[in-house]
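Q: I am new to this structure and would like to go through it step by step. Could we begin with the overall picture and then turn to details?

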Amino acid sequence: MRKLDHVDRQILQILQVDGRIPYTEIAHQLGVSEGTIRSRITRLLQDGVFQFAIQPDPAKLGLKVQAIIGLTTKLGLQQNVAEELSKLSAVRFVGAFSGKHDLIIQACFHSNDELITFVNERLSQIEGIVAADVSLELKQYKDSFSIVHDDEVTLQ
């Protein structure tokens, strides 16, 4: 297991603010060489610590209806249901949880009608879904991938 040191965490924090920042600027901010930044980022990418990705704003893409849908699955079919849900373009997130729901998904739609069609026609066709509990997002307070803390982080 490789531990992330303070410089690694600082690099991640800077990249979370602006993933397009030049390596020279990161090096300048941290007082290290550009080569150090380049090799650290390469290692962090190879180790799977992070990946470069974009995070579009669904509302600006016309996806004005965001839903969290809690699903109850038939015993033994949770994995199959999760795999099928993961194939659907409207679904942004699929996770297995303890508690009331076996799976929880986040999905985005252009309209309430599109959501209704998704639930009644798409979800109803997936073998193993017993029930769906749909909650609409009324207002978003935070949507972030930022998770780096100053605590010591150890790679698994």
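Q: How many helices and strands does the chain have?
A: This is a predicted model, and its chain has 5 helices and 6 strands.

Q: In what order do the elements run from the N terminus?
A: The order is β-α-α-α-β-α-β-β-α-β-β. The chain is more spread out than a compact globule, because its radius of gyration is 20 Å, well over the 15 Å that the globule rule gives for 156 residues.

Q: What box do the C-alpha atoms fill?
A: Along the principal axes, the box is roughly 55 × 35 × 25 Å.

Q: And how much of the chain counts as buried?
A: Of the 156 residues, 32% count as buried. The accessible surface comes to about 10600 Å², and carbon and sulfur atoms contribute 51% of that area.

Q: What share of the contacts comes from residues 24 or more positions apart?
A: Such pairs account for 68% of the contacts with a separation of 6 or more.

Q: Turning to the sheet, what is the order of its 4 strands?
A: The order is β3-β4-β2-β5, in an open sheet with antiparallel pairing.

Q: Which strands stand at the edges?
A: Those are β3 (91-96) and β5 (129-136). Each has a single partner strand, so one side of each is left without a neighbour in the sheet.

Q: By how much are neighbouring strands turned against each other?
A: On average the turn is 20°, with direction ignored.

Q: What holds strands of a sheet together in pairs?
A: In general, strands pair through backbone hydrogen bonds, in either a parallel or an antiparallel sense.

Q: Over how many bridges do β2 and β4 pair?
A: Strand β2 (residues 65-73) and strand β4 (residues 103-109) pair over 7 bridges, in the antiparallel sense. Within this pair, Ala-67 stands opposite Ala-107 in β4.

Q: Which strands does helix α5 lie across?
A: Helix α5 (residues 112-122) lies across β2, β3, β4 and β5, and runs at about 15° to β2.

Q: A change of topic: where does Val-32 lie?
A: Val-32 is in the loop between α2 (23-30) and α3 (34-46).

Q: Why does Val-32 count as partly exposed?
A: The relative accessible area of Val-32 is 28%, and partly exposed applies because this value falls between the 20% limit for buried and the 50% limit for exposed.

Q: Which residues does Val-32 touch?
A: Leaving aside residues up to four places away in sequence, Val-32 touches Ala-27 and Ile-37.

How values were computed
Residues numbered from 1 in each chain as written. Predicted model: local features only at pLDDT ≥ 70, side-chain atom pairs only at ≥ 80, totals over all residues. Heavy atoms only, no water. Pairing = 2+ DSSP bridges. Helix = DSSP H or I, 4+ residues; strand = E, 2+ residues; numbered from the N terminus. Axes fitted to C-alpha atoms, helices over the stretch in contact; angles between N-to-C directions. Contact = heavy atoms within 4.5 Å. Buried < 20%, exposed > 50% of the residue type's maximum accessible area, 1.4 Å probe, protein only. Rg over C-alpha atoms; globule rule 2.2 N^0.38 Å. Areas by Shrake-Rupley, 256 points an atom, 1.4 Å probe, with all protein chains shown as cover.
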